[in-house]
Every structure is written in structure tokens, then in C-alpha cells.
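Please consider the structure displayed below together with its sequence.

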Amino acid sequence: MSEQKIDTRLWSTKAKNLTPYVPGEQPKHDNLCKLNTNENPYPPSPKVAAAITAELTDQASGLRLYPAPESDELRQSLATTYGLAPEQVFVGNGSDEVLALVFAAFFMKERPLLAPDISYSFYPVYAETFGVELITIPLRDDFSIDPDDYRRPCSGIIVANPNAPTGLLLPLPAIAKMASEHPNAVIVIDEAYIDFARAEEGKEVSAIHLINEHDNILVTQTFSKSRSLAGLRVGMAFGNASLIEALTRMKNSFNSFPLDKLAQAGATASLQDPDYFSQVCDNIIKLRDVMSRELTKLGFEVIPSHANFVFARPPQGNASEIATSLREQGIIVRHFNKPRINEHLRITVGTIEQTKRLIKALSELSG
Ligand SMILES: *Cc1c(COP(=O)(O)O)cnc(C)c1O
């Protein structure tokens with residue numbers, strides 16, 4: 001429907017005033033090299049399809065019955081995978097939905113929410129949707145986070161770690177420090193890309209390792225990126241049982257069955273194939289290094305990435321034109337027309353073939 005024909009007469013003020021999040025596009029062309037939305041180039045574990053098929057063909061229960069409202073089996077599997085109790089685990093229809101419930105449960109308060117100025121662009125959208133005042137804290141010039149900048153009254157802090165679209169990783173001691181300095185605020189660490197982060201020798205990267213010590217840290221993760229299941233819509237949160245209970249109440253005041261039976265079965269099966277999972281993550285990390293090296297050779301300034309994408313500035317800073325030229329050849333990358341980052345491109349790590357095609361196209365453009 002074109003913009004002019006929309007009749008908003010019957011809409012609520014809320015609906016009229018929303019500015020929805022715009023996801024990276026999903027064009028349908030043949031031979032498209034889609035490096036714009038950080039999907040995994042590899043298929044999910046074959047165990048996922050097997051489990052979904054079993055669920056579908058189960059005549060006795062199958063889709064005839066409602067799913068388990070609290071996704072017990074999936075939550076138990078996640079708890080086992082991460083060494084937690086099921087009461088410390090929450091699941092939702094994608095981590096975007098989990099984040100929506102997080103905003104409603106923890107940030108709809110008098111004090112403002114703090115987030116980096118350059119981060120996941122859904123946070124400002126949710127802030128508006130839930131009437132939460134958001135104060136953005138500028139990243140340093142090198143795009144890193146200075147935890148000391150967050151020393152101010154707030155209802156909570158939300159940080160993507162590794163951050164998107166920069167790919168930079170905030171070390172756990174900095175997160176622990178923020179949590180200690182704000183005992184009455186919820187510190188949400190959005191770990192959508194954490195499985196691609198490389199730990200230094202003897203160190204952990206996931207804030208899951210902090211939740212037993214800090215009752216105000218909530219970690220969100222997703223099956224969309226590292227587990228190749230963006231289409232299944234499964235996300236999760238890990239935290240103190242009281243935080244999880246708030247999310248559960250919020251969910252049950254909105255939708256008791258956010259995860260259908262197929263999603264619960266598929267996600268659970270994915271956790272039961274840890275070898276496949278680590279192989280996929282290792283491959284992507286290797287390909288990320290290949291892509292980073294090749295981009296550097298072409299003169300790009302590449303930020304060392306801990307995610308399944310690379311954030312890089314082309315030598316002439318003409319990111320928008322490059323994105324347009326690549327698109328004409330069926331290669332889609334993400335350009336953000338925003339202050340501070342409009343000379344950068346965010347490029348998802350693809351297969352070796354996709355990487356070669358990208359690098360070839362970029363060298364032809366620069367040559
Ligand atoms: C992709 C992404 C999400 C959303 O993941 P879904 O589980 O697919 O909803 C959340 N946060 C960040 C930073 C992401 O990049």
C-alpha cells in the first residue's frame with residue numbers, strides 16, 4: 001500500500017507516532033550474494049530438520065495440541081548446555097521479542113535507559129514503543145565503549161557485545177564493573193554474536209559467566225546467527241531467577257505460546273549437535289580472517305571483528321557508492337546512513353565462494 005493511501009483515522013496515537021525498525025532487505029534474485037543481514041551461510045544441523053519432521057508427523061499430539069507454554073524441554077537443554085538452572089533461562093520468539101519483553105519488564109521506569117550511540121538500531125525503536133527515555137552515550141573515537149561514561153543514574157544499560165555494527169568486544173571485567181556500579185539497574189548484554197568471539201587464552205567472553213555473581217546482569221542470545229536458524233525465530237535470556245520470572249510474567253501477559261512446537265523441537269535438536277555447531281563457528285571465524293585480510297589488502301580500514309560480519313571503511317570513504325555498485329552485481333552489503341558510520345560498510349561473512357566474489361568485485365571497482 002502506498003504511503004498516501006493509508007488512512008490513519010482509526011489508529012491509536014501510539015500507532016500513528018511509531019517509527020518501526022527497518023530490517024535489512026531480503027530481496028529475491030537468482031545468484032544473489034546476500035551479505036547484509038548477518039545470516040549464517042551454512043545450513044543448520046541436520047538434526048534440526050529431523051526433529052521438526054518428527055514433530056510434524058507425530059499423529060498423537062503433533063500440531064493438534066498447544067505447545068509447552070514455558071518451552072520446558074528447550075529451557076532444560078539450554079540450562080544443561082550453559083551449566084545453569086532452568087529457572088535462569090527464558091526463551092522467546094527470536095531475541096528481538098525477548099528484548100521487547102526486557103524493555104517492558106525492566107526499563108519502563110522513571111530513570112532513563114543508557115545505550116551506546118552506535119549499536120543495534122532496534123533499541124531506540126523499543127524505547128519509543130515502550131515510552132522509555134533513552135540516553136545514548138557516545139562510543140570513543142575508535143568505537144570502543146568506556147564503562148566510566150555510564151556512571152549516571154539510570155534504570156538500566158543495554159549493550160550489544162560484540163557490538164553491532166562494529167564487531168568490537170567489551171571484556172567481562174568492564175561489564176562486571178558496570179553491574180557493580182549500578183546495583184539497582186538491569187545491565188542487559190545482547191550477545192547475538194558471542195559465539196563468534198574469540199577468547200584470549202584462559203579468559204571467558206560471555207557474560208553468562210557473570211550471572212551467578214551479579215543478580216542484575218541479563219544476557220540475551222539467539223539461534224539466528226551462530227546456529228543458522230534465523231527463520232525459526234528462537235532467542236533466549238539468561239539471568240538471575242527473579243529477572244527470568246519478571247520476563248515470564250510479562251510474556252504471559254502478552255502471549256503464552258510465543259514458541260511453536262516446531263521451533264521448540266528444532267532449537268532443542270540444534271543444541272544436541274555441539275560438534276556441528278563448533279565446526280560452523282570455527283569455519284566462519286576462519287573466513288572472517290580471510291575476508292578481513294583481503295579487505296585490508298584493498299586498502300580498507302578493517303575493525304578487528306568478533307562477530308560474523310566485518311565493519312570496514314573503504315580507502316576513499318565512499319561506502320554508499322560502493323554499496324550501490326555491488327548491488328548492481330547482485331552483492332548486497334549493509335550501509336548505514338548515520339552520523340559517524342556513514343563511511344563504513346558492514347559485510348556479513350559468507351562462504352569462501354561468496355567471499356571471493358565480493359573481493360573480486362571490490363578490486364574491479366577500485367582498479
Ligand atoms: C540479529 C540480532 C538480534 C536479533 O536476533 P533474533 O533472535 O533473530 O531476533 C538481536 N540483537 C542483535 C545485536 C542482532 O544483531
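The following paragraphs treat the open spaces, the ligand and some features of the backbone in turn.

The model shown here is a predicted one. Rolling a probe the size of a water molecule over the atoms shows where empty space is left.

How much space lies in the largest pocket? The volume is about 590 Å³. A total of 30 residues line the largest pocket, and those nearest its centre are Tyr21, Thr37, Asp96, Tyr120 and Lys225. Two helices, α4 (residues 94-107) and α5 (residues 122-129), each provide at least two residues of this lining. Of the contributors, α4 gives the most, with 4 residues. When the lining of the largest pocket is sorted by class, 13 residues are nonpolar, 10 are polar and 7 are charged.

The largest pocket is also the place to look for the ligand, for the space that the ligand takes is this pocket. Which residues surround the ligand? The shell consists of Gly94, Ser95, Asp96, Tyr120, Asp190, Ala192, Tyr193, Thr222, Ser224, Lys225 and Arg233. Asp96, Tyr120 and Lys225, named in this shell, are also among the residues nearest the centre of the largest pocket. Helix α4 supplies the largest share of the shell, 3 residues. By class, the shell around the ligand comprises 3 nonpolar, 4 polar and 4 charged residues.

In the side chain of Asp190, an N or O atom is 2.7 Å from a nitrogen atom of the ligand. Tyr193 places a polar side-chain atom 2.6 Å from an oxygen atom of the ligand. For Thr222, a polar side-chain atom lies 2.5 Å from a ligand oxygen atom. The ligand exposes 380 Å² when taken alone, and the protein buries 92% of that area.

Attention may now turn to the second largest pocket, which holds about 430 Å³ of space. Its lining is formed by 21 residues, with Tyr82, Ile194, Asp195, Ser206 and Phe277 lying nearest the centre. Here the helices α3 (residues 72-82) and α9 (residues 274-297) each supply at least two lining residues. Which helix gives the most to this lining? The answer is α9, with 6 residues. The lining of the second largest pocket divides into 11 nonpolar, 5 polar and 5 charged residues.

About 60 Å³ of space lies in the largest cavity. Which residues line the largest cavity? They are Pro44, Ser45, Ser226, Arg227, Ser228, Ser270, Asp273, Tyr276, Phe277 and Val280. Helix α9 gives the most to the lining of the largest cavity, with 3 residues. This lining has 4 nonpolar, 4 polar and 2 charged residues.

Finally, the backbone deserves attention at a few points. Where is Pro162 found? Pro162 is located in the loop between β5 (residues 156-160) and α6 (residues 172-181). The peptide bond joining Asn161 and Pro162 is cis, with an omega of about -5 degrees. Pro165 is likewise placed in the loop between β5 and α6, and the bond that leads from Ala164 to Pro165 is cis as well, with omega near 5 degrees. In the loop between β1 (residues 33-34) and α2 (residues 46-56) lies Asn38. Although Asn38 is not a glycine, this residue has a positive phi of about 60 degrees.

Definitions and conventions: Residues are numbered from 1 along each chain as its sequence is written. This is a predicted model: local features need pLDDT of at least 70, side-chain atom pairs count only at pLDDT 80 or more; totals for chains, interfaces and linings use all residues. Side-chain values use heavy atoms; hydrogens and water are left out. On a 1 Å grid over the protein atoms alone, a cavity is a set of points where a 1.4 Å probe fits but cannot get out, and a pocket is an open set with protein on both sides within 12 Å along at least five of seven lines; lining residues have an atom within 4 Å of a point. Grid points are joined across faces, edges and corners, and a volume is the space filled by probe spheres set on the points. Ala, Val, Leu, Ile, Met, Phe, Trp, Tyr, Cys and Pro count as nonpolar, Asp, Glu, Lys and Arg as charged, and the others, Gly among them, as polar. A residue is near a molecule or strand if one of its heavy atoms lies within 4 Å of it. A polar contact is a pair of N or O atoms within 3.5 Å; within protein, one must be able to donate a hydrogen and the other to accept it, and residues adjacent in sequence count only if both atoms are side-chain atoms. Accessible areas come from the Shrake-Rupley method with a 1.4 Å probe; for residues, only the protein chains shown count as cover. A molecule sits in a cavity or pocket if more than half of its atoms lie within 2 Å of its grid points.
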